[in-house]
Amino acid sequence: MTDMLASEVASPEGLVHAKPVHELADRYGRKFEYLRLSLTDVCNFRCSYCLPDGYLKTGCAPDQLSVAEVRRLVSAFAELGLWKVRLTGGEPTLRREMLEIARTISHVPGIRTLAMTTNGYRLRERAADYAASGITSLNVSVDSLDPARFAAITGHNRLPEILAGIEAARNAGIRTIKLNSVLIGGVNDDELDAFIGFAADHDLTVRYIEIMRTNENVAFFAEHHRSGQALIARLEDKGWQRAPRRPGDGPAIEFVAPMERGRIGVIAPYARDFCASCNRLRVSASGKLHLCLFGDAAIDLRPLLRDDSQQASLVGAIKSAVFGKVAAHRLHEGNSGATPHLASIGG
Ligand code: SAM
Ligand code: SF4
């Protein structure tokens, strides 16, 4: 992976000057440097808030982007100054070409961080391959540190092997590891101390995510959604303090404690001003650009991905679409847009 942006030039003195060709921004001044790219809608888990009945193939699913199409797509975003890509899904590791896609993205000039969000399936066996393919950052979904609860939430009794996978990822040299934990009222909201202990022991970030309402989890959401604000209050009571924001930080609020090694983050999409710090765009497995996780429509980039000759049009299409991004989602009004579940866009 090169550290030099596509638009950077080396002066005769060897100094590198950033010379942004374009910048990806919307009319509200938000800048977009981070793409979440879904590799597949398919998943092998049955998380109760996401795909409680497992992945169901509906109709004829659109073709997934080829490796060459992914290269063109990411190159266009990189030309617009985007430097971080996260592979997601469905379960991204189920995509046969996943390692080839990771290698390809990690060689796109300008891409400095390649991350992946996974349910941890076969992570222990594959962590070294992920690191070798250029993945530098991994989010692993672990909704409970209790094996029986984990099995009840995900439909898989695999907690011990996933925790061993996290260890293997660390040993393979993956620098940044986060645990994603969806806060499920009445199920795992008594585990804060266990997660704090885990973050401290493993020097990683635990990222609590409030359940988001989608079109398919309305009843589950009504029963189990709990506000992240209560969690934040509990963290503050325990002496945790808000960490200063770093470049590239998105809407997560992160906390640190003087005597603790790990960090705790909270993603609270129902909090006021959550969308003001949005820095991310999403592309589905079939090449649709989603400007908001809970938007009504998506822009089909596929026709511009077929060959290299359309790169300039692709860059222009992305730039003008992003400029029109809406100010905020409408989750407060009980409107989840067109999103059936987050496995369809990658969360
Ligand atoms: N399968 C991978 C995984 O679970 O890590 C990647 C895709 S998953 C859609 C990405 C993240 O979204 C996971 O951390 C998952 O827990 C979270 N997620 C899924 N549905 C959600 C919902 N309705 N509300 C909040 N988070 C959700
Ligand atoms: Fe699959 Fe991830 Fe959804 Fe769980 S959260 S069902 S692992 S896509």
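A residue is called buried if its relative accessible area is under 20%, exposed if it is over 50%, and partly exposed in between, with a 1.4 Å probe and protein chains only. Helices (H or I, at least four residues) and strands (E, at least two) are DSSP runs, numbered from the N terminus. This is a predicted model, in which local features need pLDDT of at least 70 and side-chain atom pairs count only at pLDDT 80 or more, while totals for chains, interfaces and linings use all residues. Residues are numbered from 1 along each chain as its sequence is written, chains are lettered from A and ligands numbered from 1 in the order in which they are written, and side-chain values use heavy atoms, with hydrogens and water left out.

Strands of a sheet pair through backbone hydrogen bonds, either parallel or antiparallel. Two strands count as paired here if DSSP finds at least two bridges between them. The model has an open sheet of twelve strands with mixed pairing, in the order S9-S10-S11-S8-S7-S6-S5-S4-S3-S12-S13-S14. Strand S9 (241-242) and strand S14 (299-300) are at the edges and have a single partner strand each, so one side of each lacks a neighbour in the sheet.

Within this order, strand S7 (residues 176-183) pairs with strand S8 (residues 205-210) in the parallel sense, over six bridges. Val 182 stands opposite Ile 209 in S8.

Now turn to strand S12 (residues 280-283), which is covered on both faces: Arg 280 and Arg 282 on one side are buried, as are Leu 281 and Val 283 on the other. Strand S3 (residues 34-40) runs parallel to S12 and is joined to it by four bridges. Tyr 34 has Arg 280 in S12 as its bridge partner. Strand S13 (residues 288-290) runs antiparallel to S12, with two bridges, and Arg 282 has His 290 in S13 as its bridge partner. The hairpin of S12 and S13 has four residues between the strands, and Gly 287 there takes a positive phi near 95 degrees.

How many disulfides does the structure hold? A disulfide is a pair of cysteine sulfur atoms within 2.5 Å, and the structure holds zero. For Cys 292, the closest cysteine sulfur is in Cys 275, 6.1 Å away, which is too far for a bond. Cys 292 counts as buried because its relative accessibility is 15%.

Other cysteines belong to the surroundings of ligand 2, including Cys 43, Cys 47 and Cys 50. Cys 47 is also buried, at 15% relative accessibility.

Note on methods:
A residue is near a molecule or strand if one of its heavy atoms lies within 4 Å of it.
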